[in-house]
Amino acid sequence: MQRGSDRLNVHRDDEMKHELQGLLRSGHPTRTEEWHDPEPYAEDDPEVAHGPVTPSRAPARVETLRLELARVLGRTSFPARPGELIRVLRDKHAPDNLVEPLERLPKKDRYDSVHQLAEAVVGARGGDGKG
């Protein structure tokens, strides 16, 4: 039996592994208490200086768009085609001004990461990605 500097005993360690198992398998929060989960912003929220940036605002930088898309899509959505990503965004009640630019992307393209997607969206708008 190891008697090192462990902060938790074996039983508590097993409890914590069991508590995290659902989160690790599902890829999304599994808490029953919703107040723990971050609340997404609404379309009618007032704009805050240097706040959320969506494709409809100019100039849209790749980094800020990537942040907004990543916040909604998460890691489990990739790789995917635009149609699949649009369904995920709609299922998660993403704002229309975040979904609509994806509808203009070529349907046969496939994106391996949220960064590739953000670059494609900014490129489709005619921007250079620098702002």
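How many helices and how many strands are there in the protein? The protein has 5 helices and 0 strands, where helices (H or I, at least four residues) and strands (E, at least two) are DSSP runs numbered from the N terminus. This is a predicted model, in which local features need pLDDT of at least 70 and side-chain atom pairs count only at pLDDT 80 or more, while totals for chains, interfaces and linings use all residues. Residues are numbered from 1 along each chain as its sequence is written, and side-chain values use heavy atoms, with hydrogens and water left out.

**View 1. The surroundings of Leu-117.** When its neighbours within four places in sequence are left aside, Leu-117 is in contact (heavy atoms within 4.5 Å) with Leu-69, Leu-73, Phe-78, Leu-85, Leu-102, Leu-105 and Tyr-111.

**View 2. Helix α2 and its buried residues.** With 12 residues, α2 reaches 16 Å from its first C-alpha to its last, close to the 16 Å expected at 1.5 Å a residue, the expected span being 1.5 Å times one less than the number of residues. Val-62, Leu-65, Glu-68, Leu-69, Val-72 and Leu-73 are the buried residues of α2. Seen down the helix axis, they fall within an arc of 135°, so they line one face of α2; the arc is that of the directions from the helix axis to the C-beta atoms. These buried residues pack against α3, α4 and α5, and just after α2, Gly-74 takes a positive phi of about 75°.

**View 3. The two faces of helix α3.** Pro-82, Leu-85, Ile-86 and Leu-89 are the buried residues of α3. They lie on the same side of α3 because they cover an arc of only 105° around the axis. Whereas these buried residues pack against α2, α4 and α5, the face turned away from them carries the exposed residues Arg-87 and Asp-91. Just after α3, His-93 takes a positive phi of about 60°.

Technical notes. Buried < 20%, exposed > 50% of the residue type's maximum accessible area, 1.4 Å probe, protein only.
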